[in-house]
2 protein chains.
Amino acid sequence: MWRDRTSRSDGRGGSGSWSSPRGRRGSLPVGCTTCVDGGSPRLGRARIGAGDGRTAYGRAAVVDGGARPGALYRKVAADLGREITEGAYGSGGRLPAEGELAERYGVSRGTVRQALSVLRADGLITSRRGTRRVVLRTSQVQSFGELLSFTRWARSIGEEPGSRIVRVENEERATAAEREQLRLAEDARVCRMVRVRSLSGRPVMVERTVYPEAVGALVAGLDEGAVSHTVRLEEQGVLFADAQHTVDLVRADEEDAELLGCRPGDPLLRERRRSTDPAGAPIEWSEDRYLPGTVAFTVHSSAAAGTLARRPGMPPSG
Amino acid sequence: MWRDRTSRSDGRGGSGSWSSPRGRRGSLPVGCTTCVDGGSPRLGRARIGAGDGRTAYGRAAVVDGGARPGALYRKVAADLGREITEGAYGSGGRLPAEGELAERYGVSRGTVRQALSVLRADGLITSRRGTRRVVLRTSQVQSFGELLSFTRWARSIGEEPGSRIVRVENEERATAAEREQLRLAEDARVCRMVRVRSLSGRPVMVERTVYPEAVGALVAGLDEGAVSHTVRLEEQGVLFADAQHTVDLVRADEEDAELLGCRPGDPLLRERRRSTDPAGAPIEWSEDRYLPGTVAFTVHSSAAAGTLARRPGMPPSG
DNA sequence: CAGTGGTCTAGACCACGTT
DNA sequence: ACGTGGTCTAGACCACTGC
């Protein structure tokens, strides 16, 4: 392992390389030794990188609520997650036992369990008493940032994101609905913004976002050409930690039709979203309307976590 | 607390009632004493019921992967979850500190943290270093069972579920797509079923489900009038543990239109789903098409868990 | 600086699945 | 009977928030 532990310098080492596949040594945490490979010879690939930005475990800008980025269990999770998505265990294959992993990584069983619970939450593996864990899927996990930021998402799928600001309303009095969504006081003001988002020049979505005044001030200060407001906001200390989404179907209104180049009444896939910062304070309320065929939303759900729900729909108004 | 612990019979007891709000004492786990209330006088409501079926924490038929139903942390989570959804801390309010909760419930800090992580996964609370946890929302969590079973969902929102079997194909050779989704061998056979689901007599959804042969045999054995196949399957030992969902928009084909009473080409909200059992084996692959305005899907996502993702869509084929 | 949650360890016992 | 994961405890230390 990369930490000095009693009887681990047994010279079993494989390549001894703990660098990421791209050769970046990354920021190994303080206190790391030169990493005598403690990896199991069975798989011989127990390297823990600093995260190469492709997996969602080594997140940067978007913060997990107070989680320590360099935590041991995150490195273990990142390493195992990479192995899984690379197909090292196959789809439906079995993971090594907790104890085995603890030995391989030179950490306690508790830490291994914490790592595995991350992978479980991401829907990569199952977990039940009596048997080893099983690989559920080998697909990459999409990061929270790619979910919230249209720009980051577009780039991640190899498309060029575009943004055209249609309308900005600054310091407007918040409506009752906005006050409730953003948890604002009676006399609060908000910033509203309407944008058309495009993929490689083709308009695909209309985005109508409402920000609380403080956040709106930052948004208003962005350059006209700033593509990703989310990224800019994060750079200025507005951190996105949680979001609640609702997906349904609506008909295009006059404005939608004009902006997206479709006809009024045409169906659109709608995603409404309320994002909150690590303190739980709402920082954004947004309604996105996508042309059909441009996106799909995928969710993993399990008996352990009730993140997805089906709700009664409103009768279509358009 | 309800367990005998050294210095806990301090007679601080409030009402001493550990029964649920409806007065059912419920099935307290073996080894429970008469529950000398160890609750904090601050809130004076530290009762842990057996779950009244409304919250998702005391789940019955649908299993969490090997989790013990009577676990301490689940009771604590159920109790805190109930308090939160009842508004005891308000929206945006702060929870008691971990240590305080540990004392109130007479458990270790680790157990409290396990309970809180359940609430966090459900999107009810935030969590960050340095400050107390904050209530994110006070809405009820929908159980996994209500998500997977149309019947259970309909009843939970006060509607009468209906089901009409349109077509059953038994022991059919699986297509390549079906083999991949259900992880079947080359020569495997499947059972296909098409149903129209209704709410209070009004058709709202077409459901096309494919089962592996073994599961299909059980489904075929159900009475014609069995409304919830999911529930029946669970009764026969087919347990649903995980599911992967994809939500997008499609156009009604000829059959859809006829079954739902709309016109071909009309937009429908589509949910595709692959469900797996606790061992990770696929047990169902389903495609549901809803009339607009009848449902919406909600998801909580956070920087900690990547359950929701946005994917590129296929160009509309209809 | 005090309070609070995040991380990690070590060990114990139990319940489940499989052989 | 054995291996495996689920649960619980007790304690230690650290990092962040907010006064």
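## A loop residue in chain A

A:Arg183 sits in the loop that joins α6 (176-182) to β2 (189-199) in chain A. Helices here (H or I, at least four residues) and strands (E, at least two) are DSSP runs, numbered from the N terminus. The structure is a predicted model, where local features need pLDDT of at least 70, side-chain atom pairs count only at pLDDT 80 or more, and totals for chains, interfaces and linings use all residues. Residues are numbered from 1 along each chain as its sequence is written, chains are lettered from A and ligands numbered from 1 in the order in which they are written, and side-chain values use heavy atoms, with hydrogens and water left out.

Most residues other than glycine have a negative phi. A:Arg183 is not a glycine, yet its phi is positive, about 55°. With 33% relative accessibility, A:Arg183 counts as partly exposed; buried means under 20% relative accessible area, exposed over 50%, and partly exposed in between (1.4 Å probe, protein chains only). A:Ser200, in the loop between β2 and β3 (202-212) of chain A, also has a positive phi, near 50°. A:Ser200 is partly exposed because its relative accessibility is 47%.

## How the two chains are related

Contact means heavy atoms within 4.5 Å.

A residue is near the strand if one of its heavy atoms lies within 4 Å of it. Of the DNA strand D atoms that come within 4 Å of the protein, 73% belong to sugar and phosphate. The nearby residues divide into 7 nonpolar, 11 polar and 12 charged. In this scheme Ala, Val, Leu, Ile, Met, Phe, Trp, Tyr, Cys and Pro are nonpolar, Asp, Glu, Lys and Arg are charged, and the others, Gly among them, are polar.

An N or O atom in the side chain of B:Thr111 is 2.6 Å from a phosphate oxygen of DNA strand D. Base nitrogens also take part: one is 3.3 Å from a polar side-chain atom of B:Arg109, and one is 3.1 Å from a polar backbone atom of A:Gly130. The elements giving two or more residues to this surface are α3 (109-121) of chain A, plus α1 (72-85) and α3 (109-121) of chain B. The largest share, 4 residues, comes from α3(B).

## A buried arginine

Is B:Arg273 buried or exposed? B:Arg273 counts as buried because its relative accessibility is 3%. B:Arg273 belongs to strand β5 (residues 267-276) of chain B. Leaving aside neighbours within four places in sequence, its contacts include B:Leu148, B:His245 and B:Trp285.

The side chains of B:Arg273 and B:Asp288 make a polar contact at 3.1 Å. A polar contact is a pair of N or O atoms within 3.5 Å; within protein, one must be able to donate a hydrogen and the other to accept it, and residues adjacent in sequence count only if both atoms are side-chain atoms.
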